[in-house]
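Here is a short report on one protein model. Look over the sequence and the structure, then read on.

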Amino acid sequence: MTDRDNDVLEELAGLPSFYHPTASPDGDEVALYYDVSGRNELHLVNVETGEMRQVSDGEVPRNAQWYLKWSADGDRIFYHDDEGGDEQNDVFAIDRDGEVESVVELDGQTRLADVGEDGETLLVGSSADGQMNLYRHDLESGETTKITDYERAVGGGTLSPDCERVAYTTNESEEFANADVYVANADGSDPRNLDIGETGAEASPADWGPEGERLLVGDNTENFERCGVYDLDAEAVTWFGDADADERPVGFFPDGQRILAKRTRDAADVPVVYDVETGEGRELDLPDGVAVLSSLDQTNPFLGDDRVLVIHATPDSRPELLVYDLEADEYETLVEAEYGAFDPDRFADADYFQFESHDGLDIGALLYDSGERPSPLVVNPHGGPRHADKRGWGLYTQFLVSRGYSVLKVNYRGSTGRGREFVERLYDDWGGGEQEDIAEATRQVTDKDWIDEDRVVVFGGSYGGYSAYWQMVQYPELYAAGIAWIGLTDLEEMYENTMPHFRTELMEKYLGTPDENPDLYRERSPVEYAENLDAPLLMLHGVNDSRVPVSQARIFRDALLDADFEEGEEGDFEYVELGEEGHSSSDIDQKRRTFRTLDDFLQRRLPEATASAEQ
């Protein structure tokens with residue numbers, strides 16, 4: 001790698017990024033994480049002037065994975081912090097002068113679910129007692145009290161405006177895929193299942209109406225997720241939209257007369273506003289791409305009654321923070337995308353296409369053309385698996401394109417944005433149909449005359465790392481190399497050692513338990529087929545990963561060694577543990593380290609595939 005190539009890699013990884021913008025209670029400011037200094041720090045942005053001020057100085061996490069919330073009086077911002085990215089969070093507060101206070105410290109993973117409008121109450125979810133349940137924290141006394149005690153994980157959690165009730169989601173039915181909305185007193189007493197949707201479907205609360213008599217909810221009974229307003233007195237729900245695309249509820253506008261939702265179609269997201277009385281809806285007038293609207297269980301997008309915060313990006317343009325004015329039906333840029341010395345026109349756009357799977361299912365995919373001829377290809381399956389690749393910015397994608405690789409992303413069965421039925425096609429079938437979807441997409445793209453079928457690499461992280469392992473040992477004829485990052489290799493060991501809510505809501509939901517389905521757990525574990533490895537493999541894993549423990553990588557490494565594969569730069573596989581890192585990281589230095597590791601591996605293993613990157 002030349003010095004110039006290394007400079008481009010460093011500069012690309014170091015482009016400043018912002019995370020988790022959230023509006024203050026009065027709508028005058030936005031708090032966000034921003035790493036323009038080279039390190040993640042908390043900043044405040046004046047909405048009217050655009051002036052930005054750094055508040056923290058090393059007190060907030062290096063990894064900006066977890067969101068921010070304002071205090072009810074707007075004097076402090078609550079945030080999550082952990083040890084070296086292990087996601088065993090506690091909740092802290094920082095004021096406008098940078099003074100930090102520890103607020104909630106519990107064992108296990110703790111997340112801030114809601115901040116009460118009374119200025120006295122926090123609602124947190126925590127696995128301190130085993131499973132993820134809800135706790136009520138009193139800010140004045142510092143006391144934290146457990147208010148739910150379910151065997152299945154409790155999701156969401158939102159306080160009514162008077163802080164006397166709480167809404168959340170969990171499952172007490174015999175249908176494991178089911179999720180119901182509950183409303184209980186603020187101390188957890190008298191929980192009531194609202195019976196929204198059919199058993200086996202998933203319903204969830206998003207927000208209370210400002211008067212506390214209505215709930216904004218989501219439900220996927222009709223296949224596509226839809227938004228509805230539940231009247232707690234009438235015990236009835238009014239649904240919005242045509243149920244022809246996934247629509248996820250975000251929140252009530254402060255006036256309570258409109259609701260905000262996110263519509264997904266063809267790998268793109270657009271905000272939608274519905275009038276609660278008439279049911280009329282309209283999409284906001286934004287360019288094609290991905291419009292990110294954080295639900296109120298994470299951050300607040302509302303700047304008063306008529307303005308909304310929107311993060312907007314496209315495949316070839318970095319995220320910008322917009323303020324959308326509904327009355328004028330136009331937007332202004334509050335935080336511009338940073339490009340440094342790069343020409344924004346240099347980045348690759350994505351071609352969205354669909355193809356027919358082996359069993360007649362339409363599968364969507366995105367293809368980024370690097371311009372190299374013939375072009376090497378990186379197949380990059382997404383994580384989750386309940387996730388999807390969208391027509392938005394991808395830093396790792398653009399890094400690979402800058403090195404001359406075209407990139408293929410596949411929204412295999414089980415991905416979001418295609419309705420409940422599409423998601424459920426992956427139940428009881430990890431390592432089955434979705435892996436054939438990835439393989440078939442690879443075959444179809446490598447049939448193009450401008451793709452070099454002898455220089456195809458599979459690279460993925462988390463469930464994408466599982467897919468990378470699986471593709472390498474089940475479809476070895478397709479790939480010249482593989483990179484598995486924080487991936488699963490032994491499903492039973494993963495079940496035993498992941499966090500409790502991942503055990504039930506991920507492993508059991510998709511596979512049952514190892515006792516119930518021992519053959520499935522064994523047959524769909526990549527480590528069972530380690531001897532099939534037939535091309536160089538790079539394994540990367542953060543040592544502090546609590547979702548997918550580092551033992552998953554160590555197990556696969558040991559299996560390869562037992563099968564007489566050789567480790568090392570000249571061997572059959574390479575193994576790297578990333579210290580002070582958990583389940584990936586947004587930290588600039590850690591991104592640079594990962595970029596260098598990937599780039600070095602690809603150059604050595606496929607030297608002819610490396611293109612000179614020009615700004």
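Trp-393 is buried, because its relative accessible area is 17%. Here buried means under 20% relative accessible area, exposed means over 50%, and partly exposed lies in between, with a 1.4 Å probe and protein chains only. The model is a predicted one: local features need pLDDT of at least 70, side-chain atom pairs count only at pLDDT 80 or more, and totals for chains, interfaces and linings use all residues. Residues are numbered from 1 along each chain as its sequence is written, and side-chain values use heavy atoms, with hydrogens and water left out.

A pair of aromatic rings is described by the distance of the centres and the angle of the planes. Rings of Phe, Tyr and Trp (its six-membered ring) pair if their centres lie within 6.5 Å; planes under 30 degrees apart are stacked, over 60 edge-to-face, and the rest tilted. By this rule the model has 26 aromatic pairs. In one of them, Phe-342 and Phe-347 are tilted, at 6.0 Å centre to centre and 45° between the planes. Both of these Phe residues are buried. Phe-347 also pairs with Trp-393, this time edge-to-face, with 4.9 Å between centres and 90° between planes. Phe-347 lies in the loop between β28 (330-335) and β29 (350-356), and Trp-393 in the loop between β31 (375-379) and α2, so their pair ties together parts that are 46 residues apart in sequence. Phe-347 counts as buried because its relative accessibility is 7%.

## A cluster, and charges over rings

Which residues form one aromatic cluster? Tyr-412, Tyr-427, Trp-430, Tyr-463, Tyr-466, Trp-470, Tyr-510 and Tyr-529 do.

Charges also sit over rings. The rule asks for NZ of Lys or CZ of Arg within 6 Å of the ring centre and within 35 degrees of the ring normal. Arg-152 places its charged end over the ring of Phe-176, 3.7 Å from the centre. Arg-258 lies over the face of Phe-253, and there the distance to the ring centre is 4.6 Å.

Helices (H or I, at least four residues) and strands (E, at least two) are DSSP runs, numbered from the N terminus. Two packed helices are described by the angle between their axes and the distance between the axes. Axes are lines fitted to C-alpha atoms, for helices over the stretch in contact, and angles run from 0 to 180 degrees between N-to-C directions. Helix α2 (residues 395-402) packs on helix α10 (residues 588-605) at about 35°, and their axes are 12 Å apart.

From α2, the contact (heavy atoms within 4.5 Å) takes in Leu-395, Tyr-396, Phe-399 and Leu-400. From α10 come Lys-591, Thr-594, Phe-595, Leu-598, Asp-599 and Leu-602.

## Glu-581, a buried charge

Glu-581 sits in the loop between β36 (573-578) and α10. Is Glu-581 buried or exposed? Glu-581 counts as buried, because its relative accessibility is 2%. Leaving out residues up to four places away in sequence, Glu-581 touches Gly-84, Trp-485, Gly-542, Val-543, Asn-544, Asp-545, Gln-590, Arg-593 and Thr-594.

## Helix α7 and its cover

Helix α7 (residues 500-511) has these buried residues: His-501, Thr-504, Leu-506, Met-507, Glu-508, Lys-509, Tyr-510 and Leu-511. Their cover includes α3 (420-424), α6 (491-497) and α8 (518-523). Gly-512 follows α7, with a positive phi near 75°.

Asp-447 lies in the loop between α4 (433-446) and β33 (451-461). Asp-447 is exposed, because its relative accessible area is 64%.

## Backbone details

Two cis peptide bonds come next. One joins Arg-373 and Pro-374, with omega about -10°. Pro-374 is in the loop between β30 (362-368) and β31. Another joins Gly-384 and Pro-385, with omega about 5°. Pro-385 is in the loop between β31 and α2.

Ala-243 has a phi of about 55°. Ala-243 lies in the loop between β20 (236-240) and β21 (246-252), and is partly exposed at 35% relative accessible area. Ala-267 has a phi near 65°. Ala-267 sits in the loop between β22 (258-265) and β23 (268-275), and counts as buried at 8% relative accessibility.
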